[in-house]
Amino acid sequence: MNKSDFYYDLPEELIAQTPIYPRDNSRMLVYDRQTNEMEHKHFYEIIDYLEKGDVLVINSTKVIPARMFCHRENKDEIIEVLLLKRIDYNHYECITKPAKKLKIGTKIIFNEKLSACVKEIGDQGIRILEFIFEGVFENILNEIGTMPLPPYIKEKLQDQSRYQTVYCKELGSSAAPTAGLHFTEELLDRIRNKGVEIAEVLLHVGLGTFRPVKEEDILKHNMHSEYCEIDNKNADIINSAVKEGRRVICVGTTSVRTVESLADINGYVRADKMDTNIFIYPGYKFKVVKGLITNFHLPESTLIMLVSAFMGRENALKMYEVAVQEKYRFFSFGDATFII
């Protein structure tokens, strides 16, 4: 398969710049894989498509203010640093811009409380930084860091909480699991009251989810690893549904990648912690997932490849064509799809 097999035309004005208020008032394109029929709804109507006994899998990660700016010691310049993955107490994998200025041993200054030294160099702007600070790193980060909005969002985010899900818990992501942004506490309560179970998993979103596919042959694409985990309680919730033939519906591609990474061939997940670089593209046999709630993704991205694996490439491209015609809002702050 070629990268170009997953291309579609998207007018720039359909790229959502701001979130919808309330969260669940975004639009939702419902696609039935059995009938290939599409319906145009609003997200709060998702409860009509959920059934008692379904398990909704959500990613409870929380976005850190991962974008910071610094300069080399004794230099007048601006260098951007985006935290990707914590390695240990004071070492982070980061993407830097312009990276060519950051050689091994280079010291960079963020403010009087925080500096760093370049320890390792990777490809495509990746650097391993050793941070030097006094106090609590997270507190310093909250003072000087900003939300790492994708580059296609040009508008300033007025309410930083809108780039977090209402159920976020554990800090660690460099981007939001955006399918979850559509849920409100009230909608989740209604879903639980209908008899739908909620299972929480964790995947800290990093470069693996969003790194562009540069090779035309997608099999040559190297997925970057991301940390994920499922605990015993939530593994039991998912496995009970699998055993009893109830639907497991994932909120977002990150939840899909987590459960599929930790599942055996029979669809049972194990409680574990690991780094995953799973790459899901057409031909992949899903072991757990029976339904998918997700946003509209970038052309030629690994995310649209995952969606294409779940519903068929031609079906996915047809759905996206309809979404463009109907002027749905695309990407992180955009509208949702529910593929059943």
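What follows is a working chat about a predicted model.

User: What are the ground rules for this model?
Analyst: The model is predicted, so local features need pLDDT of at least 70 and side-chain atom pairs count only at pLDDT 80 or more, while totals for chains, interfaces and linings use all residues. Residues are numbered from 1 along each chain as its sequence is written, and side-chain values use heavy atoms, with hydrogens and water left out.

User: Start with helix α6. Is it buried or exposed?
Analyst: Buried: 10 of the 10 residues of α6 (residues 302-311) are buried, so the helix is largely enclosed by the rest of the structure. Buried means under 20% relative accessible area, exposed over 50%, and partly exposed in between, with a 1.4 Å probe and protein chains only. Helices (H or I, at least four residues) and strands (E, at least two) are DSSP runs, numbered from the N terminus.

User: What follows α6?
Analyst: G312, with a positive phi near 95°.

User: Which residues does R257 touch?
Analyst: R257 lies in helix α5 (residues 253-261) and is buried, at 3% relative accessible area. Leaving aside neighbours within four places in sequence, its contacts (heavy atoms within 4.5 Å) are L203, T209, M223, E226, T276, N277, I278, I280 and L306. L306 is also one of the buried residues of α6.

User: Now the largest nonpolar core. Which members touch the most others?
Analyst: V57, Y163, I238, V259 and F330, out of 66 residues. A nonpolar core here is a set of buried Ala, Val, Leu, Ile, Met, Phe, Trp, Tyr and Cys residues joined through side-chain atoms within 4.5 Å. A second, separate core has 25 residues, including I64, L84, I126 and F133.

User: And what is F330 in contact with?
Analyst: Apart from neighbours within four places in sequence, F330 contacts Y8, L10, L14, I15, A16, F296, Y320, A323 and V324.

User: What about F331, buried or exposed?
Analyst: F331 counts as buried, at 6% relative accessibility. Its phi is positive, near 75°, in a residue other than glycine, and F331 is found in the loop between α7 (313-325) and β17 (336-339).

User: Where is N74, and is it buried or exposed?
Analyst: N74 is in the loop between β5 (67-72) and β6, and is exposed, with a relative accessible area of 75%. N74 also has a positive phi, near 65°.

User: Switching to strands. How does β12 pair?
Analyst: β3 (residues 55-59) runs parallel to β12, joined by 5 bridges, and I58 has E200 as its bridge partner in β12. β12 and β13 run antiparallel, with 2 bridges, and L202 stands opposite E229 in β13. Strands pair if DSSP finds at least two bridges between them. Of the 7 residues of β12 (residues 197-203), 5 are buried.

User: Which peptide bonds are cis?
Analyst: Among them are Y21 to P22, with omega near -10°, and K97 to P98, with omega near -5°. P22 is in the segment before β1 (27-31), whereas P98 is in the loop between β7 and β8 (107-111).
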